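Walk through this model one element at a time. Keep the sequence beside the coordinates as you read.

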Amino acid sequence: MKYRLFLFMLVFISMPLFAQQQVDSLLKVLDLTIKNSDQYEKLKTQRISMIKDGLKNPEISKEDKYRINAQLYNEYESYICDSARFYINQNISIASQLRNRTWQNESMIKKAHILATSGLYAEAMKVLESVQKQTLSLSKLAEYYITFENVYLYQAEYVSGDEYMYDYLNLMNVYRDSVLNVVSEGSYEYIITKVPKLVDKGEFKEAETLLYNYLPGVSSGTRNYSVLTSILAFVYQCTHQTELRKINLIKSAISDVKAVVKENNSIRSLAELLYEEGQIVRADHYVKASMEDANFYNARLRNLQASKMLPIIDNAYQLEKEMQRKKLQMLLIVISILSVFLMIAIVLVIRQVKKLAKARQEVMNANKELHKLNNDLIEANNQQRLTNNSLTEANRIKEEYIGRFLGLCSVYIDKLEIYRRMLNKKAASGKVEELYATLKSSQFIEDELKEFYHNFDSSFLSIFPEFVECFNRLLPEEERILPKQGEQLTTELRIFALIRLGITDSLKIANFLRYSITTIYTYRSKLRNKSICRERFEEEVTKIGSFRA
């Protein structure tokens, strides 16, 4: 029973952490996908261009032209509204010339759909009313009802919060029922219609199950996947499962970008959610991307929805930037005050050193022992002056290194005692050859050096936890240095870690790392030449920040 309780608590605690990790990972994917959106759009325009090539044939039949126009409409439907309308108008004209009632109805329904998505609701209704419903096949009748349903849904969204919203929602539900009567169970149209119906009834679990059963058969990067994950996010919104809602909004937004869907809603909803959570910078970035897509597509409803949020999010973003600027100013003032005190301290130390030097000169001939003491005092004062020059950072570094290296010294003393006893034992027992082999072997020194560098790396990274990441930002991506598995710092990183600690003398670095000074010069020159800021590379390294208290 205790084991089960412990297991339950472990799962209960770990699930939110896992969800947050998944959200962070997906947000990085979304940012990268948006960054590469031009590549997806380039592929789409190439595909459209290939389809258009079919219209260049002067002997093309009207039937073939109709089919090519239909393909172009499908490509432009969620990409560029005006182009989709152009090609569907072409098909309406062709269908009228051929007196093909089926094609004419099909094109009129598609035109009504594109008018609705662009915000021309009255015009969309007029076009739908001109369609002879009784002549439609079951599949076209379903498309006809879905278009009516969408028109009323968009109108309800447009007047959100107004008393007329419920009138539109009621009419939408009427056509939703009509859709469910004519579509086959388990089809895409059935899923996107049935799930909102279940949500309205409060049957959230059944709605979730229906979507999860259907989603594995749909690929990300398609319009259908975007719609389904968006609906799943709506289910989680109704059940107040914020992290799961966020995950599916991100998946929907990623799919929209890959499918080059400019008539989208998920990225705007995601921006609103992130704004509510205080992630202002990302929210500002996403809502601007949403508005750009809406303007590109000419989606009046999406443009209106994004424009309502943009000033709010952008204002919060500007306020956050202003607060950061004020914090930076305050920090600069504090640093300036500390610098003044540091300069005063340096002046006092210098004066004291001069006084001590004068006193040492006066008594040098009288007492050699006093001369030695004065030299020690001068050296101590020089060390004090150097310490004062980097007082702020030295205090932070010493807290880590004193504790660690005092312990390390104690360990080394114990190891040396063990090593001494082992040698003594070999000598006492007359094992001269083994004793000679042990003394000749450098393994002990190598092991201790390895452990010493490990301790140095651990101490340094605890003070500067982001050093490797920040250091790599100073290099081109292909030249970045990543430690191997089980390795904390490479030799190159260790050299510049010492520089960050204020050890800039190549000879000292060489002695510390047990390399030749030529090797140290080579590493420093090589990385400086590869840097994206060659002239001030080492200066930038010294600016890398330490751990946060």
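**A guided tour**

Glutamate 123 sits in helix H6 (residues 121-129). Helices here are DSSP runs of H or I with at least four residues, strands are runs of E with at least two, and both are numbered from the N terminus. This is a predicted model, in which local features need pLDDT of at least 70 and side-chain atom pairs count only at pLDDT 80 or more, while totals for chains, interfaces and linings use all residues. Residues are numbered from 1 along each chain as its sequence is written, and side-chain values use heavy atoms, leaving out hydrogens and water.

The cut-offs are under 20% relative accessible area for buried and over 50% for exposed, with partly exposed in between (1.4 Å probe, protein chains only). Alanine 112 is 11 residues from glutamate 123 in sequence. In space, the two are 7.5 Å apart, C-alpha to C-alpha.

Now the whole protein. It has 24 helices and zero strands. Of its 549 residues, 39% count as buried. The protein exposes about 32700 Å², an accessible area from the Shrake-Rupley method with a 1.4 Å probe, where for residues only the protein chains shown count as cover. Carbon and sulfur atoms supply 55% of that area. Take the contacts (heavy atoms within 4.5 Å) between residues at least 6 apart in sequence: 63% of them join residues at least 24 apart.

Next, the aromatic residues. The structure holds 23 aromatic pairs. One of them joins tyrosine 144 and phenylalanine 148, edge-to-face, at 5.2 Å centre to centre and 85 degrees between the planes. Rings of Phe, Tyr and Trp (its six-membered ring) pair if their centres lie within 6.5 Å; planes under 30 degrees apart are stacked, over 60 edge-to-face, and the rest tilted. Both residues lie in helix H7 (residues 138-158), four residues apart, about one turn of the helix. Tyrosine 144 and phenylalanine 148 are buried.

How are the rings of phenylalanine 148 and tyrosine 152 arranged? Their centres are 6.4 Å apart and their planes are at 15 degrees, so this pair is stacked. Phenylalanine 148 and tyrosine 152 are also four residues apart in H7, about one helical turn. Tyrosine 152 is buried, like phenylalanine 148.

With a relative accessible area of 26%, leucine 153 is partly exposed. Methionine 172 is 19 residues from leucine 153 in sequence and 6.1 Å from it in space, C-alpha to C-alpha.

Move on to helix H13 (residues 266-276). H13 is mostly covered, with eight of its 11 residues buried. Among them are Ile267, Leu270, Leu273 and Leu274, and also Arg268. Just after H13, glycine 278 takes a positive phi of about 90 degrees.

Further along, one aromatic cluster is formed by Phe452, Tyr453, Phe456, Phe460, Phe464, Phe467, Phe471, Phe496, Phe512 and Phe537.

How do the two helices cross? H21 (residues 491-500) and H23 (residues 517-530) pack at about 90 degrees, with their axes 10 Å apart. Axes are lines fitted to C-alpha atoms, for helices over the stretch in contact, and angles run from 0 to 180 degrees between N-to-C directions. H21 and H23 are therefore roughly perpendicular. That class spans 65 to 115 degrees; under 35 is roughly parallel, over 145 roughly antiparallel, and the rest oblique.
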